[in-house]
Amino acid sequence: KDAKDVELEGYDEKKAIEDLSKYEYNNIPEDQKVNIISIMLESYNDFTKFDTVEINPEVYQHFSEIKNESIHGTLVTNIFAADTIKTEREFLTGYSSHPRYLKETNSFVWYFREQGYRTEAMHPIYGWFYNRRNVNEFLGFNNFYYYENKYSKIKEEFFNDIEFFDFIIEGYEKSKSDSIPYFNFTVTYQNHG
């Protein structure tokens, strides 16, 4: 419990509301719409950053290549060994505390959808887990593909990342051929264990 700040030092709610109200809600100009593919490697960690772990850095070669070509950063989460769903939903909504997600909930997904994007979420395991199959609809996704409604019909086992990424490329290619900007949010599973 000591690791979690309940009240932020120096936080002034009134000032925060005033500062936020200075910003206008803007549309994305047509010539500035870009495809956004966000892949959350659930339970991923780069162990080369720890002095006490011996691991061949070549294991991360492809990640390093992607990193060099991408907009990227380091995400530090306030969860450990469970509740990865909080990180997913914080990314999609900006919320640090979570409503029950039992109705349409404000999110970046809705914003992209309003801007004409095709919004798609993917996860290779069960849709009932963390109630993703319902909540993702409330967050604004046009489509959410998960084990029961798509991947189990293709392969009985869960997909490894390298196989699973083909579905992201497929979704991107479909949007590209339809001339629709694409927002994809994918959460993988392989890093567990």
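Let's settle one term before clicking: a residue counts as buried when its relative accessible area is under 20%. By that cut-off, buried residues make up 30% of the 193 residues in the protein chain. Keep in mind that you're looking at a predicted model.

**The whole chain**

Start zoomed out. Along its principal axes, the C-alpha trace of the protein chain spans about 50 × 50 × 35 Å. Colour by secondary structure and you'll find six helices and four strands, which run α-β-α-α-α-β-α-β-α-β from the N terminus on. Looking at contacts between residues at least 6 apart in sequence, 64% join residues at least 24 apart.

**The sheet**

Now select the four strands. They form an open sheet in the order S1-S4-S2-S3, with parallel pairing. Strand S1 (36-40) and strand S3 (143-145) each have a single partner strand, so one side of each is left without a neighbour in the sheet. Look along the sheet for its twist, which averages 10 degrees from one strand to the next.

**Strand S2**

Next, pick residues 118-122, which are strand S2. How many of the residues of S2 are buried? Five of the five are, so S2 is largely enclosed by the rest of the structure. Show side chains here: in a regular strand they alternate between the two faces of the sheet. On one side of S2 you'll see Arg 118, Glu 120 and Met 122, and on the other Thr 119 and Ala 121.

Then check the neighbours of S2. With S4 the pairing is parallel over five bridges, and Thr 119 stands opposite Phe 183 in S4. With S3 the pairing is also parallel, over three bridges. Select Ala 121 to find its bridge partner in S3, Phe 144, then Met 122, which stands opposite Tyr 145.

Bring helix H3 (residues 84-93) into view. H3 lies across S1 and strand S4 (182-187), running at about 165 degrees to S4. Follow with helix H6 (residues 161-177), which lies across S1, S2 and S4 and runs at about 170 degrees to S4.

**The cavity**

Select Glu 88, Arg 89, Leu 92, Ala 121, Met 122, His 123, Arg 132, Asn 136, Phe 144, Phe 185 and Val 187 to show its lining.

H3, S2, helix H5 (132-138) and S4 each supply at least two. By class, the lining divides into six nonpolar, two polar and three charged residues.

Last stop: the largest pocket, with a volume of about 2,200 Å³. Of the 44 residues that line this pocket, go for the ones closest to its centre: Ile 39, Leu 41, Tyr 44, Gly 73 and Leu 75. The elements that give two or more residues to the lining are S1, helix H2 (61-69) and H3. Colour the lining by class and you'll get 23 nonpolar, 14 polar and seven charged residues.

Terms used
Residues numbered from 1 in each chain as written. Predicted model: local features only at pLDDT ≥ 70, side-chain atom pairs only at ≥ 80, totals over all residues. Heavy atoms only, no water. Pairing = 2+ DSSP bridges. Axes fitted to C-alpha atoms, helices over the stretch in contact; angles between N-to-C directions. Contact = heavy atoms within 4.5 Å. 1 Å grid on protein atoms, 1.4 Å probe; cavity = no way out; pocket = protein on both sides within 12 Å on 5 of 7 lines; lining within 4 Å. Nonpolar A, V, L, I, M, F, W, Y, C, P; charged D, E, K, R; others polar. Buried < 20%, exposed > 50% of the residue type's maximum accessible area, 1.4 Å probe, protein only. Points joined across faces, edges and corners; volume = space filled by probe spheres on them.
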